[in-house]
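Me: I am new to reading protein structures. Please take one part of this one and go through it closely, in short steps.

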Amino acid sequence: QGQLKIAPAAMAARCRLAARFHYIHGTNIRLDASRTQATRVESFANGLCFSQEPLAPGQIFLVEIEEKELGWCGHLRVGLTTHDPQSLEVVPEYSLPDLVNLGDTWVFAITRSHNRVVVEGEDMQARRRPWEPFLLIERVRIPRDTLVGRSRPGRYSHILDDLYKMNVLPATARRSRIGVLYTLLPDGTADMHIVINGEDMGPSARGLPTTRPLYAVIDVFASTKSVRVIPVDYGFPSLQTLCRLVIQKHIVHRLAIDVLDLPPLLKSFCQHE
């Protein structure tokens, strides 16, 4: 498990370099010049994307939903594969079941709910506090703030206030952030974890081989139209982030931030950045 003990600075540098999509992708995907934004330009399928390079143990590949498209059933699909995208003769039309049927691929559909894996002996009432600065998965510590998607405050902000206090958006909502990673086990295999808005969904796949590289799979499917890769720093939370966590802990709802005696930029950061 020594591979998990990568220094935060080294992991941060690796994650920033790797926070792009592979140039191999589905026929309906258009990447921007930086290869950090993937948009499905037509239909509802052929939206398969991969990480630029294999993930290291504990390295999360995180995307934010930027655009939705009405009229389709189904949402984003994420997972891992041992298939090097360059080795594919044709990029499959679907991750489920086409890519999975090639073997050594683990992909799950993101739904509005029900993504959390129930672990035996886990107390489901013991939910995390929204101001905890780190997400801990096995020996991996990831600053939670980057992992969390936030809605913009507006006329109907009060409807989302309870979700906002928990730093949680609905999984399939615009601005929701979804990531995938794997952790090493003593027997030499790995567990795959999906993280939705800063919450670990649990080991959604077990026994993954670690003798071959593992690439992230992002299927921009159906009602999800566009996603963007979010680079993740594995260092300490910034002072600005810690201030936001404290403020969010004590406010009644987001609109209350407007009346606080704070610099405008900090108010904006606390409300929706």
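Reply: Start with E199. In this predicted model, E199 counts as buried, because its relative accessibility is 13% and the cut-off for buried is under 20%.

E199 has a charged partner. Its side chain meets that of R116 in a salt bridge, with 2.6 Å from N to O. R116 lies in the loop between β6 and β7, and E199 lies in strand β11 (residues 199–208), so the pair ties together parts that are 83 residues apart in sequence. R116 is partly exposed, with a relative accessible area of 26%, whereas E199 is buried.

Now step back along the chain to β10. β10 and β11 form a hairpin with two residues between them. In that turn, N197 has a positive phi of about 50 degrees. The two strands pair in the antiparallel sense over five bridges.

How many residues of strand β10 are buried? Seven of the seven residues in β10 (residues 190–196) are buried, so the strand is largely enclosed by the rest of the structure. Look at the directions of its side chains next. In a regular strand, side chains alternate between the two faces of the sheet. Here A190, M192, I194 and I196 point one way from β10. D191, H193 and V195 point the other way. Both sets are buried.

β10 also pairs with β9. That pairing is antiparallel too, and it runs over seven bridges. V180 has I194 in β10 as its bridge partner. This hairpin has five residues between the strands, and G188 takes a positive phi near 90 degrees.

Follow β9 to R177. The side chains of R177 and E64 meet in a salt bridge, again with 2.6 Å from N to O. R177 is in strand β9 (residues 177–184) and E64 is in strand β4 (residues 61–68). The pair links distant parts of the chain, 113 residues apart. R177 and E64 are both buried.

The structure holds eight salt bridges. Another one joins D32 and R228, where the closest N and O atoms are 3.6 Å apart. D32 sits in the loop between β1 (29–31) and β2 (37–40), while R228 sits in strand β13 (residues 224–229). They are 196 residues apart. D32 counts as partly exposed at 23% relative accessibility. R228 counts as partly exposed at 25%. D32, E66 and R228 are linked in a network of salt bridges.

Return to the loop that holds R116. It lies between β6 and β7, so each of those strands deserves a look. F134 is found in β7 (residues 134–137). F134 is buried, with a relative accessible area of 17%. The C-alpha atoms of F134 and D145 are separated by 7.9 Å, although the two residues are 11 apart along the chain.

The order is β3-β12-β5-β6, with antiparallel pairing. β3 (48–50) and β6 (105–109) stand at the edges with a single partner strand each, so one side of each has no neighbour in the sheet. The twist averages 20 degrees from one strand to the next. Strand β5 (residues 77–81) pairs with β6 over five bridges. Within that pairing, T81 has T105 in β6 as its bridge partner.

How values were computed: Residues are numbered from 1 along each chain as its sequence is written. This is a predicted model: local features need pLDDT of at least 70, side-chain atom pairs count only at pLDDT 80 or more; totals for chains, interfaces and linings use all residues. Side-chain values use heavy atoms; hydrogens and water are left out. Helices (H or I, at least four residues) and strands (E, at least two) are DSSP runs, numbered from the N terminus. Buried means under 20% relative accessible area, exposed over 50%, partly exposed in between (1.4 Å probe, protein chains only). Two strands pair if DSSP finds at least two bridges between them. Axes are lines fitted to C-alpha atoms, for helices over the stretch in contact, and angles run from 0 to 180 degrees between N-to-C directions. A salt bridge is a side-chain nitrogen of Lys or Arg within 4 Å of a carboxyl oxygen of Asp or Glu.
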